[in-house]
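Reader: I'd like to learn how to read a model like this one, feature by feature. Can we go through it together?

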Amino acid sequence: MHELLRSLAHFFFSLGGWGLLLLGVLDSSFLFMPLGNDLLVIALTANHHSRILYYVAMATAGSVAGVAVTDWASRKGGQKGEEAIGKGRQVRYVEDKVKKNGALALVLASLMPPPFPFTPFIIVAAALQYPRKKLLSIVAVCRALRFGLEGGLALIFGRRIIELGSLPAVQWFVIAVVTISLVGSGYSIWKWIRKSRTARA
């Protein structure tokens, strides 16, 4: 498992900006990959300072593209699309925040790092027919700011960040997070498919 995750990390890192684009699409759609793009932005910027704007742009583009996919599927499904993520307390909380102040709720969701529930905000906003252009614009601006700040930290503390990332304890922590993410992603996809089939039936 350790080698597999290291291979995946190396794969995305070797793609550079395109790795950020791909990971951004996955992370902002229906997969649960906390801190994936954030860590990749930091790692790439720490190694290539002059490409910070390129990395921030690619990470932002990937995130917006992933949100567009989620928005399209959720908006098409409407109320049924919202029900696909459940009807628990968290979903009711998200729905209440979006109804009261959709723009502020989306700004906070886009800026906050995991485990803040980003995707549920997008699904609920789309299901409630929040204006698509406004939604994507908010995500684009906020994610660019978030990735830009992370890139700036990488410029200042780049070498220390790389040294920290090589520590066994940190690596095992990342492995644990990724493992939980993969399990969570699989469960989310299974749940979405199951709900969709039930709705069609």
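Predicted model: local features only at pLDDT ≥ 70, side-chain atom pairs only at ≥ 80, totals over all residues.

Reader: Fine. How many helices and strands does the chain have?

Author: Helices (H or I, at least four residues) and strands (E, at least two) are DSSP runs, numbered from the N terminus. Here the chain has 9 helices and 0 strands, so the pattern along the sequence reads α-α-α-α-α-α-α-α-α.

Reader: And what share of the 201 residues is buried?

Author: Buried means under 20% relative accessible area, exposed over 50%, and partly exposed in between, with a 1.4 Å probe and protein chains only. Buried residues make up 38% of the 201 in this chain. The chain exposes about 11,400 Å², with carbon and sulfur atoms supplying 68% of that.

Reader: Back to the salt bridges. Which partner does R75 pair with?

Author: R75 bridges to D71, and their closest N and O atoms are 2.6 Å apart. Both residues sit in helix α4, 4 residues apart, about one turn of the helix. An α-helix has 3.6 residues a turn, so residues three or four places apart point the same way. The pair also counts as a side-chain polar contact at 2.6 Å (N or O atoms within 3.5 Å; within protein, one must be able to donate a hydrogen and the other to accept it, and residues adjacent in sequence count only if both atoms are side-chain atoms).

Reader: Are R75 and D71 buried or exposed?

Author: R75 is buried, with a relative accessible area of 15%, and D71 is buried at 0%. D71 has another partner to look at: the side chains of R132 and D71 meet in a salt bridge, 2.6 Å from N to O. That pair links distant parts of the chain, with R132 in helix α8 (residues 132–165) and D71 in helix α4, 61 residues apart. R132 is partly exposed, at 37% relative accessible area.

Reader: What else does R75 touch?

Author: Contact means heavy atoms within 4.5 Å. Leaving out residues up to four places away in sequence, R75 touches A126, Q129, Y130, P131 and R132. For the whole chain, take contacts between residues at least 6 apart in sequence: 78% of them join residues at least 24 apart.

Reader: You mentioned Q129. Where does Q129 lie, and what is its phi?

Author: Q129 is in the loop between α7 (118–127) and α8. Its phi is positive, about 65°, although Q129 is not a glycine. Q129 is partly exposed, with a relative accessible area of 45%.

Reader: What about K100 and D96: how far apart are they in helix α6?

Author: They are 4 residues apart in α6 (residues 89–111), about one helical turn. K100 is exposed at 65%, whereas D96 counts as partly exposed at 32%.

Reader: Now the burial pattern of a helix. Which residues of α2 are buried?

Author: G17, G19, L20, L23, G24 and D27 are buried in α2. Seen down the axis of α2, they fall within an arc of 150°, so they line one face of the helix. That arc is taken over the directions from the helix axis to the C-beta atoms.

Reader: And which residues form the nonpolar patch on the surface?

Author: Patches are made of residues with over 30% relative accessible area and no salt bridge, where like charges are joined within 9 Å and nonpolar side chains (Val, Leu, Ile, Met, Phe, Trp, Tyr) within 5 Å. Here F11, L15, W18, L22 and Y54 form the patch, with about 490 Å² of accessible area together. Helices α1 (2–15) and α2 (17–27) each supply at least two of its residues. L22, which is in α2, counts as partly exposed at 38% relative accessibility.

Notes: Residues numbered from 1 in each chain as written. Heavy atoms only, no water. Areas by Shrake-Rupley, 256 points an atom, 1.4 Å probe, with all protein chains shown as cover. Salt bridge = Lys/Arg side-chain N within 4 Å of Asp/Glu carboxyl O.
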